[in-house]
Amino acid sequence: MSFISMLLGTLAFTVLGPIIGCFLAGLDRKISARMQGRVGPPLLQPYYDVRKLFEKENVSVNSSESIYITCALIFALLAGGIFYSGGNLLFCVFIITLSSLFFIVAAYSSRSPYAEQGANRETLQVMAYEPMVLFMAVVFFMIAGSFDVSAIFGQEIPVIVWGWLAFLGLLFILTIKLRKSPFDLSYSHHAHQELVKGITTEMSGPTLAKVEIMHWVENVLFLGWIGMFFVWDNPLSIILAIVVVLAVYFLEIWIDNNFARVKWQAMLKSAWAVALVAGGINIAILAFL
């Protein structure tokens, strides 16, 4: 992938990523409300909320917090640009992890006990899902022969045929990545779960708006990883991938509304067990094929 294509992909994702992510967040609220017997807010309510946050005064305990969040947002956009422009999947994984680290450091910089507890939980979440994400990248390399996402368009069969175990593992840790119950330990999106919002307790105004946009962008990226398993050299496969992505997103919303939060020990053990079984066995099978 050339630098120009990566730059153009990042610029396109910077515009389209938040728009699609905002729509998905609104769809999430609408579907969740229907599941709970409510009408729910307008589809564009997430946009209205973020716009209102940008209009507020930026109040923070220190100036570095906003800088760290800005860096986290930039790296999230860069990771999405790399992926959707057909770039290196492993590089994309490292960049989005770096974004998470900046998010964690921003919470620690506030020196708030609630924010620090949220940062601790966020760190545990990264530790829980990262092994499976790396296994996914290795499986992709063994099937496609390259870490470049563009390589899937040259495959005669979709990655899911030989990588279905890695897909199931990714599906499991996706609940952590999308910050859904039962694994939304660090950052609660729903008022009925916690009064104090963990890692974002000390964030407000434009800083909190950047966090919400970052969450939108991450959702679009992670769902793209799901769709990647169903794309091959047939252009119509993109439609199949979109249908699967929407079905998976609906499944995540259903899980979020029907399962109570678990303790961090259960999250860590289950995520590592799934990574070892699904990712490890898939890699072992591909190694002997």
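In which loop does Pro 182 lie? Select it, and you will find Pro 182 in the loop between helix 6 (164-177) and helix 7 (205-228), where helices are DSSP runs of H or I with at least four residues, numbered from the N terminus. The peptide bond that joins Ser 181 and Pro 182 is cis, with an omega of about 10°.

Before going on, note that this is a predicted model, in which local features need pLDDT of at least 70 and side-chain atom pairs count only at pLDDT 80 or more, while totals for chains, interfaces and linings use all residues. Residues are numbered from 1 along each chain as its sequence is written, and side-chain values use heavy atoms, with hydrogens and water left out.

**Two arginines in loops**

Stay in the loop between helix 6 and helix 7 and select Arg 179, which has a positive phi of about 60° although it is not a glycine. Arg 179 is buried, at a relative accessible area of 8%; buried means under 20% relative accessible area, exposed over 50%, and partly exposed in between, with a 1.4 Å probe and protein chains only.

Next select Arg 111, in the loop between helix 4 (89-109) and helix 5 (113-144). Its phi is positive too, near 60°, but Arg 111 counts as exposed, with 62% relative accessibility.

**Along helix 1**

Now select residues 3-35, the 33 residues of helix 1, which at 1.5 Å a residue should span 48 Å, and whose end C-alpha atoms, 45 Å apart, agree with this; the expected span is 1.5 Å times one less than the number of residues. Just after helix 1, Gly 37 takes a positive phi of about 75°.

**The largest pocket**

Finally, turn to the largest pocket, which holds about 700 Å³ of space, a volume being the space filled by probe spheres set on the grid points. Of the 26 residues that line the largest pocket, select the closest to its centre: Phe 83, Tyr 84, Gly 224, Ile 238 and Ile 242. A pocket is an open set of points on a 1 Å grid where a 1.4 Å probe fits, with protein on both sides within 12 Å along at least five of seven lines, and lining residues have an atom within 4 Å of a point. Helix 1 gives the largest share of this lining, 8 residues.
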